[in-house]
Amino acid sequence: MDKFFKISQHGSTVRTEIIAGLTTFFAMAYIVFVNPNQVTGFTEGLGEIWNAVYVASILAATIGTLLMALYARKPFAQACGMGLNSFFFVSFILPQVITGGDCVQGYQAGLVIILISGIIFMVLSLTGARQYIAKAMPECLKKAIPAGIGLFIAFIGFQNVGIIQDNPYTLTQFVDIHGAINGDAGLISVAPALLALLGFALIVILQKLNVKGNVLIGIIVTTVLYYIFTGTAPSFDVTQIGQSFKDFAAVGVSGVFKASSWAHAFSPEFVGGVFSAIMYIITFCLVDMFDTIGTLYGTAAQADMLDENGDPEDLDKCMACDSVATVAGAVLGTSTCTTFVESASGIAAGGRTGLTSLVVSICFFICLFLSPLASIVPGCATAPALIYVGVLMLGNFKQVDMSDMRFAAPAFLTLIMMPLTYSIANGIGIGSIAYTVITLCTGKFEKKDIMVAVIGLLFCLKFIFITM
């Protein structure tokens, strides 16, 4: 095992890698239930789609992460992309819900679009085009991407447990502890937020005391405190597993093999016509490509896995794993798969090799038959890990040359737009547009900047023609 994964060579141990794998899994286990909810838009009456997506999501995550473990041998995990799953619902299922059409056929037409985009990913990966695009990014954006992802991850953590809440006047606000204490709900309503802050403090203190496994310890302690404080116990209802497999076979895995699905994928009734289908394919390509590029640069920088040019090691293999996972996901019946930002939590716990990913893939596979495993750890226990990772990754921004606005402004926009638009890809796209405009207008544009200009142009088209 040590020889295959080169654990000693990376300065790690089997124990550390296993702990890192568990940390990553529990940080991203929410996707097991969130993805089918997002794909169906929490809409009642779509149970068979929910069940099919539930099984497909786990299988796709297992396959993609296993490839990352055994082929790329990197500590990165894959699963269905957040944001892309909601976009899938809005694009292909919601129109059928509104018009009273066939939601299953809309869902299966969407799978065809995902499959086509996945095949394009694969071609770009095998020809080296994706790696070329990634490496052509200007240095200021490469440095800003990890920091932007750090802010994005931290924001997800803050939002998931209500530390940051909606506000009708300022959009967001800090958790209303005073209102909870003096209201009917009481302190219990803000317990997840308070426990998450406590868990974050614990992780930081343990790190300062050089305690190994500080992130996993923080997750476990916060989980125990949650059940003690709320007086609840984990749920272990496994009665729906059999039905999930039946629906998966009936409407999920069979979807892209139907001639009707391919016809519907380009029809005005289900997708809006050929032009709309093409724009959807381009959008899924762009978002998945730059979500993955951003995540790989961010997590590889944190794990000290960058080569002499500042690019992730074995970038071509990681890209290939991502593209295969997307194709597999479409065939199985779920939305686009991507490398998950929560992989950074396992890296923060010391994960440096494919053994970390192997542990994650095994945990996902177990969830296929024991779904409650993924729900044992509450959100307030994983949020501290995400916030802690945000702190670690923000340090990359100090490497940006802030004395030159040609680099500082695009880097800042990349940094801030990821959390504000809730999209890694949007942050990269907006940063690319800003970099291109500034370099053109200041006479600094060079031949090496052509690729980033093309990226900026593609994102301009996306922003104009697709709402996401």
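Leaving aside neighbours within four places in sequence, Asn51 is in contact with Gln243, Ser244 and Asp247. The structure described here is a predicted model, and Asn51 belongs in it to helix α4, which covers residues 47-72. The relative accessibility of Asn51 is 10%, and this residue therefore counts as buried, the limit for that class being under 20%.

Met68 is also found in helix α4. With a relative accessible area of 0%, Met68 is buried, and its contacts, when residues up to four places away in sequence are not counted, are with Arg73, Lys74, Phe76, Gln78, Cys318, Cys321, Thr339 and Ser357.

Attention then turned to open space in the model. Where empty space is left is shown by rolling a probe the size of a water molecule over the atoms. The second largest pocket holds about 440 Å³ of space. Its lining is made up of 20 residues, of which Lys212, Asn214, Ala348, Ala349 and Gly350 are the closest to the centre of the pocket. Two or more lining residues are given by each of the elements α2 (14-28), α16 (343-348) and α18 (379-394), and the largest share, three residues, comes from α2. When the lining of the second largest pocket is divided by class, seven residues are nonpolar, 10 are polar and three are charged.

Asn214, one of the residues closest to the centre of this pocket, is situated in helix α11, which is formed by residues 214-230. Because its relative accessibility is 6%, Asn214 counts as buried. Residues up to four places away in sequence not being counted, Asn214 touches Ile203, Leu206, Gln207 and Tyr388. Between Asn214 and Ala349, which are 135 residues apart in sequence, the C-alpha to C-alpha distance in space is 7.1 Å; Ala349 is likewise listed among the residues closest to the centre of the second largest pocket.

The loop between α10 (191-208) and α11 contains Asn210, a residue other than glycine in which phi takes a positive value near 60°. Asn210 is exposed, with a relative accessible area of 65%. A positive phi, of about 55°, is also found at Lys6, although Lys6 is not a glycine. Lys6 is found in the loop between α1 (2-5) and α2, and at 40% relative accessibility this residue counts as partly exposed, a class that lies between the limits of 20% and 50%.

Strand β2, residues 164-167, and strand β3, residues 171-174, run antiparallel and are joined by four bridges. The link from β2 to β3 is a hairpin through three residues. Across this pair of strands, Ile164 stands opposite Phe174 in β3, and Asp166 stands opposite Thr172 in β3.

Conventions
Residues are numbered from 1 along each chain as its sequence is written. This is a predicted model: local features need pLDDT of at least 70, side-chain atom pairs count only at pLDDT 80 or more; totals for chains, interfaces and linings use all residues. Side-chain values use heavy atoms; hydrogens and water are left out. Buried means under 20% relative accessible area, exposed over 50%, partly exposed in between (1.4 Å probe, protein chains only). Contact means heavy atoms within 4.5 Å. On a 1 Å grid over the protein atoms alone, a cavity is a set of points where a 1.4 Å probe fits but cannot get out, and a pocket is an open set with protein on both sides within 12 Å along at least five of seven lines; lining residues have an atom within 4 Å of a point. Grid points are joined across faces, edges and corners, and a volume is the space filled by probe spheres set on the points. Ala, Val, Leu, Ile, Met, Phe, Trp, Tyr, Cys and Pro count as nonpolar, Asp, Glu, Lys and Arg as charged, and the others, Gly among them, as polar. Two strands pair if DSSP finds at least two bridges between them.
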